[in-house]
Amino acid sequence: MAAAITGPSWNPLRCGGTMLPVNLLVMAKAIAIALLLTNHVALLPDPFLPFIPGLDLLPPVLFQRTLQVVFVASAFALLFNRSVRLSAFVLGMTIIVSVLASKAYYGNNKTFCGFILFLTGLYEPARGPWMIRLQLVLVYFGAGSNKLLDPDWRSGVFFQNWAVNRLHQPLFLAISSYLPALVLAKAISWFTIATELGLSVVFLVRRLYPLGIWGNLVLHSSMLFFTGSTFTMFFYAMTASMLAFASWPTSPMLVIFDGDCGFCALTKGWVERLDLEHLLEWRPYQSGVGSRYGISDADAAKRLYLINGDRIYSGFRAFKMMVLCNPVSYLVTYTVLAAPGPGDSRFRNIVVAILLVLFSPLFQPAGDALYALVARNRRSLVANSNCSIE
Amino acid sequence: MKTTAAAVLLLFQVAMIVYARFVPSRYFCWAPFDIQTEYRLQVKVDGRELSAKEVRARYRRPQNGTDNRSPQHVMDIVQGYEESYGRGNPAHVVMRFRVNGKEEQVWRWPPQ
């Protein structure tokens with residue numbers, strides 16, 4: 001039987017046993033990681049033309065230093081699982097106060113980070129993350145409606161100027177040279193408007209959440225590839241916030257594997273080492289456990305199975321679920337993505353592209369074929385392949 | 001209490017999204033990267049033109065730059081500065097700008 005999740009750990013890769021659900025804590029930690037790695041603390045301002053009159057009467061250096069100290073302390077407290085709701089709340093507040101204190105600092109990406117962390121701090125278990133989900137609805141509705149009501153977006157003028165004069169985007173220039181003026185710009189503009197307004201609706205309907213998550217990831221990754229920019233924190237925070245829509249397992253998931261295979265035992269060992277929340281309970285199919293779920297020994301001998309409540313995954317899909325339900329995957333991914341800093345990064349683009357492809361439903365047939373190939377040859381992959389259920 | 005705080009924050013944003021339909025600025029209404037404003041600031045104090053470094057120090061914005069938001073945000077900073085911190089040291093500012101690559105426009109402070 002898997003070990004029960006205990007109290008908060010000091011291990012930053014652990015996310016269980018706190019006052020936040022695992023998915024929300026992973027989301028908040030991913031944003032905190034990106035904030036720290038992009039050295040956002042250096043951007044925190046002293047008061048300058050504040051939105052709230054009077055804030056600039058405070059001593060500027062003291063104000064800025066206090067914000068910086070509180071920002072770093074709350075970000076690390078969040079990472080190390082210390083009073084996670086309070087830490088998220090305080091980290092969000094430092095950003096919100098910074099936004100309110102300086103029109104020069106103001107930016108949508110910072111405001112979004114501040115609001116998401118603030119709302120995470122207000123999380124109440126009985127009510128769920130409704131406020132974070134509504135925040136996403138508002139962001140997409142505001143962005144989509146503003147574009148829809150802007151003549152330069154409807155005509156493609158904005159996008160043409162941005163792609164040609166500002167970004168000198170080579171792919172856009174190449175494709176648009178074959179098309180009548182503004183056609184490509186107009187098409188992309190309307191696609192963006194439709195996607196943003198669509199997402200604002202999709203995120204209101206629970207059964208459409210997976211569609212919304214994919215829409216978000218494709219939209220923001222496309223912007224990353226097209227511009228080479230994360231828009232300071234926007235890419236990280238918008239993609240991380242999708243975790244608020246993810247259905248996270250609340251009890252251990254059963255993994256049915258071939259216990260008579262050295263390669264499988266080796267794989268189990270690797271996965272177990274990274275399963276810090278003890279979310280996976282491994283049982284060999286030879287124990288007969290599969291019959292409880294209608295899985296025959298012949299099927300279980302061909303591929304691994306993962307049971308999550310009433311859902312059964314097998315083969316490549318089961319492996320994807322194991323990765324997706326492991327907080328370590330997200331924390332390592334956001335660390336890798338944010339590590340290159342705020343500038344353009346081919347490395348970051350490549351990592352995002354690989355992840356998108358690997359987890360895309362379109363890759364499923366290729367993933368299944370690859371899995372089947374490995375599964376067929378698994379007994380010859382590891383020397384000294386021994387039976388592990390003797 | 002927590003629910004109220006969250007509801008207030010979300011309703012504030014709804015109000016700002018509506019409010020943005022009636023004003024040129026785009027604060028707290030989720031209009032990220034919706035406008036490209038290329039601008040150039042010419043700032044004179046006591047008849048002397050400020051250098052790029054001095055302009056940045058004064059307004060915390062580059063003298064020549066692109067703002068990914070409404071031109072009103074740059075104007076708000078210049079006007080806000082001149083009406084508060086810069087009152088004892090007033091400047092004459094000419095801001096030439098293009099919105100989304102269209103024809104150049106001019107904004108001046110103080111207004112004429």
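Which helices of chain A are included in what covers the buried residues of H9(A)? The cover includes helix H5 (130-148), helix H6 (151-155), helix H7 (157-166), helix H8 (170-176) and helix H10 (209-227) of chain A. The model described here is predicted.

## Chain A overall

Chain A contains 18 helices and four strands. Its radius of gyration is 24 Å, close to the 21 Å that the globule rule gives for 390 residues, so chain A is as compact as a globular protein of that length. The C-alpha trace of chain A spans about 75 × 55 × 40 Å along its principal axes. Of the 390 residues of chain A, 42% count as buried. Among the contacts in chain A with a separation of 6 or more, 69% are between residues 24 or more positions apart.

## Helix H9 of chain A

Helix H9 of chain A covers residues 183-202. At 1.5 Å a residue, its 20 residues should span 28 Å, and the end C-alpha atoms are 28 Å apart, so the two values agree. The buried residues in H9(A) are A:Leu184, A:Ala185, A:Ser189, A:Ile193, A:Glu196, A:Leu199, A:Ser200 and A:Val202. An α-helix has 3.6 residues a turn, so residues three or four places apart point the same way. A:Ser189, A:Ile193 and A:Glu196 are among the buried residues of this helix.

## The sheet of chain A

Strand E1 (residues 253-257) of chain A runs parallel to E2(A), and five bridges join the two. Within this pair, A:Leu254 stands opposite A:Glu281 in E2(A).

## Strand pairs of chain B

Strands of a sheet pair through backbone hydrogen bonds, either parallel or antiparallel.

| Strand pair | Sense | Bridges |
|---|---|---|
| E1(B) (residues 37-45) and E3(B) (residues 64-67) | antiparallel | four bridges |
| E1(B) and E4(B) | antiparallel | nine bridges |
| E1(B) and E2(B) (residues 48-49) | antiparallel | two bridges |
| E4(B) (residues 91-99) and E5(B) (residues 105-109) | antiparallel | five bridges |

Strand E1(B) pairs with E3(B), with E4(B) and with E2(B). Against E3(B), B:Thr37 stands opposite B:Asp67. Against E4(B), B:Tyr39 has B:Phe97 as its bridge partner. Against E2(B), the bridge partner of B:Val45 is B:Arg48.

E1(B) and E2(B) form a hairpin with two residues between them. In its turn, B:Asp46 has a positive phi of about 55 degrees. A hairpin is also formed by E4(B) and E5(B), with five residues between them. Here B:Asn100 in the turn has a positive phi of about 55 degrees. In the pairing of these strands, B:Val93 stands opposite B:Trp109 in E5(B).

## Contact between the chains

How many residues does the contact take from each chain? There are 28 residues from chain B and 32 residues from chain A. On the side of chain B that touches chain A, helix H1 (2-19) and helix H3 (71-83) of chain B each supply at least two residues. H1(B) gives the largest share of that side, nine residues. By class, the side of chain B that touches chain A has 16 nonpolar, seven polar and five charged residues.

Is A:Tyr106 buried or exposed? A:Tyr106 counts as buried, because it has 22 C-beta neighbours inside 10 Å.

Notes: Residues numbered from 1 in each chain as written. Chains lettered and ligands numbered in written order. Predicted model: local features only at pLDDT ≥ 70, side-chain atom pairs only at ≥ 80, totals over all residues. Contact = placed C-beta atoms within 7 Å. Nonpolar A, V, L, I, M, F, W, Y, C, P; charged D, E, K, R; others polar. Pairing = 2+ DSSP bridges. Rg over C-alpha atoms; globule rule 2.2 N^0.38 Å. Buried ≥ 20, exposed ≤ 12 C-beta atoms within 10 Å, placed from the backbone. Expected span 1.5 Å × (residues − 1).
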